[in-house]
Amino acid sequence: MSRPDEQGGRPGANGRYDVPLVVAGPDGEPTRRNGRHPTSDAAPTSDAAPAPTPAPTGEPAASAPREPAVSDGPGDVWDRRVASGLAFLRRRFSGDYPVDEFGFDPDLTESVFHPVLRMLYRDWFRTEVTGLEHVPADGAGLVVGNHSGTVALDALILSAALHDQHPAHRYLRLLGADLVFRMPVLSAVARKTGGTVACNPDAERLLGSGELVGVFPEGFKGVGKLYSDRYKLQRFGRGGFVSAALRTGTPIVPVAIVGGEEIYPMLADIKPLARLLKLPYFPVTPTFPWLGPLGMVPLPSKWLIEFCPPIPTAHLTESADDPLVVFNLADQVRETIQQTLHTLLERRPDPFGP
Amino acid sequence: MTPGGTPGAPGVVVVTGTGRYLGAHVAARLAADPRIERVIGVDPAAPNPELAGLLGGVELIRIDLDSLGGLLADLDVDAVVHLALVTAPDAQQGGRSAMKEQNVIGTMQLLAACQRAPRLRKLVVRSSTAAYGASFRDPAVFTEETEPREVPRGGFGRDILDIEGYVRGFRRRRPDVTATVLRFAPFIGSTADTTLTRYFSQPFVPTVFGRDPRLQFVHFDDALEVLHRSVAEDHPGTYNVAGPGVLALSQAIRRAGRVGVPVLEPGLSGAAALARNLGFGRYGLDQVDLFVHGRVVDTSALEREYGFTPRSTVAAFDDFIRAHQGGVVVTRDQLAAAERAVLDGIRQVRSAVREQP
């Protein structure tokens, strides 16, 4: 609570919420957030009119963006954060938020899950995203990516980065393995963040309602591969994702994700233990299980995500049940991702570089 | 052709299960329709005293479903509405075996009687969205074509699968009869009294730890409307009947101002069995499965065919909340007041800090 502009407050001011004459320092957080240049306005000219009354209202932050001249009234950034946080809590406790038929809860995703993922992808993994113009701004799209990293963190990073950086702030509706929906807690979180079971009825329903759907056709074969096999795309299953796209005439957007392989480099797979725990694999990484919970911290690799040009499928709607068309298209997607992975890897010589 | 005059509307209608809440309301509603000449209520038991008042225009006959054959032929019955289903075992009524007897054997007997009724033109059967079973690999939204991936663990779900199987057989044998199967989501409303409404009426509501199922309800009045239209108009086929939209269980509990108490799943199945044996609570594996997997259905076929959209799940649930304010633990007004108080407090502290030189 020791912000520079607070110390500058003129003692004995006539109003409690008077704007200080002394301008905040250059790194004063609230003023910077308000878009006010620290050196441009020494004279408090426009502060008298919007001087806010301390009378509180229900949600002052949500309505009427404040004048930037007021930096420490009820409209300042911390007050707004507190108010919106409280409004969020009230919404949650009274159940006053929408949930769609798949269980997607945008309010919770935006306020809780995305901020956490944002720190992870921006500050920890230093993710660079390119080719966002290939992701449709509206209407359906099927985003197909490579899977990696022992824990399927890449899917979450992809959805958070896409939502943050895409101009239309689109949500990526992920399709997950049924193992995810078998586990308590995880299943609830997956549904709340917009995920659903990877099956054709769900994929077609989401695509049919114009959503952006994310799939990782490698599945556990991709997530659970050894570090020595990194960035080698695994088999693409039966190509169910292609037939879902064909049936709905949705463009397929391949995406290559580099960086996920190094977060938990899997050196070995203890198969008997995996069978005992009914898991697809039991990983041994340089830190897990040796360091216990500390081994769960992902290594800070450098991430690159590139969206490739979309592959249109609208002209192939009748061939959705033709296995040859489906396999060829799946191969084309696979090749595109593999090629893009190679070019991205050349751009990133050091996996843990800046 | 039809004695009732209006094409489609039958002259003589038999309603089974008039001793129960749904059957009594449907029979009363059909009796009030001038297009329908006679409404005959069939139930082995006499209706509850509070339901008896509704049944003024209904001729009540107290027989079992196995002696229905002669009645259907003698009275020239045009339509049969089969509502006599038991959704949860009742220890006083003979438990699970009596429930199965009533649901499965009763339906078999009814369909056998219907098959031999020459004038019968219409059959409306109450079913449930429990027909879709519960599995981790289920699609998020069930359409009428979805096949259950696993046979349900709960008795009611298994009964429903059997009943629908018999109706499929009946359709093959009597293609001239318009058969309508209505898969209802759980009923809710200001007056309905079901296992689920009792569940949500408690101040502390048990939930399954780590699961937040998606629920759908249908308002009782909308269910009546759909049943009425199924009798008065011709709508062959199977239809999901649910309020559009979804409530997560945690959200429903919060909206109702109740407090959810998460229970570990293995413990919940055991606790449900224990509570059932001790005679309080009627939660079975049907409810536990619903609270693990949730159940959401697609209602577009109903909307297309009937030209009627039930009120949304949220609206139906809100109607229920308004009628059940008794067990509320936290109200919305209290939450809003708490929000204001905390915000005020923080502002005062901050301005006090700022006033220090």
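Start your tour by selecting A:Val185, which counts as exposed, with 11 C-beta neighbours inside 10 Å. Keep in mind as you go that this is a predicted model. A:Val185 sits in the loop between helix H6 (178–182) and helix H7 (186–192) of chain A. Look at its backbone too: phi is near 65°, a positive value in a residue other than glycine.

Next, select A:Arg126. Here again phi is positive, at about 50°, although this residue is not a glycine. You will find A:Arg126 in the loop that links helix H4 (106–124) to strand E1 (128–130) of chain A. Is A:Arg126 buried, partly exposed or exposed? It is partly exposed, because 16 other C-beta atoms lie within 10 Å.

Now move to strand E5, residues 212–215 of chain A.

Then bring in the strands paired with E5(A). Strand E2 (residues 141–145) of chain A runs parallel to E5(A) and is joined to it by 4 bridges. To see one pairing, select A:Gly141 together with its bridge partner in E5(A), A:Leu212. Strand E3 (residues 172–176) of chain A is also parallel to E5(A), with 3 bridges between them. Here, pick A:Leu174 and its partner A:Gly214.

For the last stop, select A:Phe288 and A:Pro289: the peptide bond from the former to the latter is cis, with omega near 5°. A:Pro289 belongs to the loop between strand E8 (283–284) and strand E9 (304–307) of chain A.

Conventions. Residues numbered from 1 in each chain as written. Chains lettered and ligands numbered in written order. Predicted model: local features only at pLDDT ≥ 70, side-chain atom pairs only at ≥ 80, totals over all residues. Buried ≥ 20, exposed ≤ 12 C-beta atoms within 10 Å, placed from the backbone. Helix = DSSP H or I, 4+ residues; strand = E, 2+ residues; numbered from the N terminus. Pairing = 2+ DSSP bridges.
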